[in-house]
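This briefing is meant for a reader who is meeting the structure for the first time.

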Amino acid sequence: KAGRMTASDVSESARPPRSSNWVWWISGLLLLATMLNYMDRQTLAVLSVRITKELGLSEENYGDLEFGFGVAFAIGSLSFGILADSVSIRWLYPIVLLSWSAIGILTGFCKDFSSLLTCRILLGFFEAGHWPCALKTTQALQTGGKRLMGNSILQSGGAIGAILTPLVVRLIIRDNQTAGVWRTPFFIIGSLGVIWAGLWLTSLRTEDVPIKKTTADENSGSNWFLECMWNPKFWALVPVVICLNITWQLIRAWLPKFLQQGRGATEAAALFFNSCYFVAADVGCIAAGAIAMWLGRKGLAAHPARIVVFACCCVLTGMTGLVPYMKLGTALYAVLLLVAAGSLGLFPCYYSMSQDVSERHLGKATGLLGALGWMIS
């Protein structure tokens, strides 16, 4: 019996090996998932002026919505990080994505602060599940310098989603000032998750992203947690993820309001620049992966290449400190575009470094890092 092949073994051995084109196709699906993640998230920011006015919300109320989202994202990061190490990604990923898509649709039915806050908290919790699922996938499919490029493609979906959201919203509502017109974009954008789930389930087999086998002792809560606590790589990334989140999420959530109410830009101009901001972010993100691959071809090892890219992006991101002192105009827009490129370029570097923290407990390690980053920011 031990040497006899079962029907399922024969079926598995008969399947052709995955091609490199298939790997990049899956990277494309990860990009689309990140895009939807950001579109559902950014719809509120894009429509924040209309929503806060119609529902009678204060700036503090709006800040509370983002606070609730962030705390829920922190809890979701750890919860889904633990799940991702023990449950099939093929099934967990679409469940998570369809859940946040459904909550995005429900947001369009909100009529007061309480219902909006509830939807925002649930959205943050389920959207957090995207990252451990996506990082487990790139860890399984990409190696060496290609992994940073794969992570760049993954993260660039966030910029693409943020680029498309104000354009889609403007296309849907135009200059219509009718009460409640802001609800329609939530319905349309939230519905797109069904298409992605179908593509994912037809493109991936369960064994493509296998669950790392661990003993009961290795998988216990104390052991994976202690592995992180005693790992210097983990602690090196704690301040990194905190700083990344503070810079990126602050601007992501407040840029349309800042430009309109803080600097006097029109709604059309603010939303147009909001898209430009994320175009620059996407360029920076893809450039980070491309430069790392180029440095690798020049003979530089993967980690030193990441450090070079990381340092350059840090310089650009640091220009955020100039923004509060600048008036509306070309100089302000130029600095914000440089900040965009640098701040999103840092993410694939961080993801690649976090994938080296623990091979057995990647979901838990990245979930714990994400929870710390979101809770503090």
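Helix H13 (residues 267-297) and helix H15 (residues 330-354) pack at an angle of about 40°, with their axes 7 Å apart, where helices are DSSP runs of H or I of at least four residues, numbered from the N terminus, and axes are lines fitted to C-alpha atoms over the stretch in contact, with angles from 0 to 180 degrees between N-to-C directions. That angle makes H13 oblique to H15, since angles under 35 degrees count as roughly parallel, over 145 as roughly antiparallel, 65 to 115 as roughly perpendicular and the rest as oblique. This is a predicted model, in which local features need pLDDT of at least 70 and side-chain atom pairs count only at pLDDT 80 or more, while totals for chains, interfaces and linings use all residues. Residues are numbered from 1 along each chain as its sequence is written, and side-chain values use heavy atoms, with hydrogens and water left out.

**H13 and H15**
- H13 passes H15 in a right-handed crossing, meaning that the near helix is turned clockwise from the far one by less than a right angle.
- Among the residues that make the contact (heavy atoms within 4.5 Å) are Phe 273, Tyr 277 and Asp 282 of H13, together with Tyr 333, Leu 337 and Pro 348 of H15.
- By class, this contact of H13 with H15 has 15 nonpolar, three polar and one charged residues, where Ala, Val, Leu, Ile, Met, Phe, Trp, Tyr, Cys and Pro count as nonpolar, Asp, Glu, Lys and Arg as charged, and the others, Gly among them, as polar.

**H4 and H12**
- Helix H4 (residues 59-84) packs with helix H12 (residues 232-262) at an angle of about 165°, their axes being 11 Å apart, and the two are therefore roughly antiparallel to each other.
- H4 also passes H12 in a right-handed crossing, and Glu 59, Tyr 62, Gly 63, Glu 66 and Phe 69 in H4 meet Arg 252, Ala 253, Trp 254, Lys 257 and Gln 261 in H12.
- Four nonpolar, two polar and four charged residues make up the contact of H4 with H12.

**Gln 42**
- Gln 42, found in helix H2 (residues 20-46), is buried, with a relative accessible area of 0%, buried meaning under 20% (1.4 Å probe, protein chains only).
- Leaving aside its neighbours within four places in sequence, Gln 42 is in contact with Ala 162, Thr 165, Arg 252, Asn 274 and Phe 278.

**The whole chain**
- The chain has 16 helices and zero strands, and buried residues make up 52% of its 377 residues.
- Along its principal axes the C-alpha trace spans about 75 × 45 × 40 Å.

Key: Buried means under 20% relative accessible area, exposed over 50%, partly exposed in between (1.4 Å probe, protein chains only).
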